[in-house]
Amino acid sequence: MPLLPLLLAAYVLGSIPFAIVSSRLFGLADPRKYGSGNPGATNVLRSGNKAAALVTLVGDCLKGWLAVWAAARFGFSPFEAALAGLVAFLGHVFSVFLRFNGGKGVATALGVLAGINGWIAFVALFVWLAVAFFTRYSSAAALSAAAAAPIAGLVLLGPGPTIVVLAVVAGILVWRHASNIRKLISGTESKIGGRRA
């Protein structure tokens, strides 16, 4: 299989908005119309339906992982597989099904990391959980995990083009959280559970 069809398939896969799919399955409102307006698991959780949030989380993670896994399965190089993961991540952030809008990409990024290297994903998840536990800020946890992933990749994989993919994913995650960064600085960011500082 040529690389271009693989990347197109990865983009379409990444574009599937599981937050909206799960919300419809569970009879919930469109997540773009409440809370942060972000079609992601954290915002779906604000509906109070944990099952819908879990389906969103798993679906968004799986599509990132599947893009990398499928590319490796078809015999593409580790870098090309990582590139497929990056394109799936971009599909989530700029979904063709949502007029090129989308979620912030945290869960999909985690899936991509898991596809590239399970230990990198473990480090990122550990950092996310630790920061979320101590600060109660999902956004701070996501930003910390994004920063940790390329560093973990450099330690575990060594220098190489795959690290560039990890850095690009991290950079986009930070960019997608720009409004959260401003709220964290001003002290108006909502904590996990809906409380503010």
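How many residues apart are W119 and F122 in helix α7? They sit 3 residues apart, so about one helical turn separates them. Helices here are DSSP runs (H or I, at least four residues), numbered from the N terminus.

A quick note before going on: this is a predicted model, where local features need pLDDT of at least 70, side-chain atom pairs count only at pLDDT 80 or more, and totals for chains, interfaces and linings use all residues. Residues are numbered from 1 along each chain as its sequence is written, and side-chain values use heavy atoms, leaving out hydrogens and water.

**Ring pairs**

Rings of Phe, Tyr and Trp (its six-membered ring) pair if their centres lie within 6.5 Å; planes under 30 degrees apart are stacked, over 60 edge-to-face, and the rest tilted. That rule gives 4 aromatic pairs, including these:

| Pair | Centres | Planes | Kind |
|---|---|---|---|
| W65 and W69 | 5.6 Å apart | 20° | stacked |
| W119 and F122 | 5.8 Å apart | 80° | edge-to-face |

W65 and W69 are 4 residues apart in helix α4, so they too are about one helical turn apart.

**How open are they?**

Buried means under 20% relative accessible area, exposed over 50%, and partly exposed in between (1.4 Å probe, protein chains only). W119, at 58%, is exposed, while F122, at 48%, is partly exposed. W65 has 33% and is partly exposed, and W69, at 40%, is partly exposed as well.

**Inside**

What does L113 touch? Leaving aside residues up to four places away in sequence, L113 has contacts (heavy atoms within 4.5 Å) with G118, I120, A121, A124, A149 and L166.

Technical notes: Helix = DSSP H or I, 4+ residues; strand = E, 2+ residues; numbered from the N terminus.
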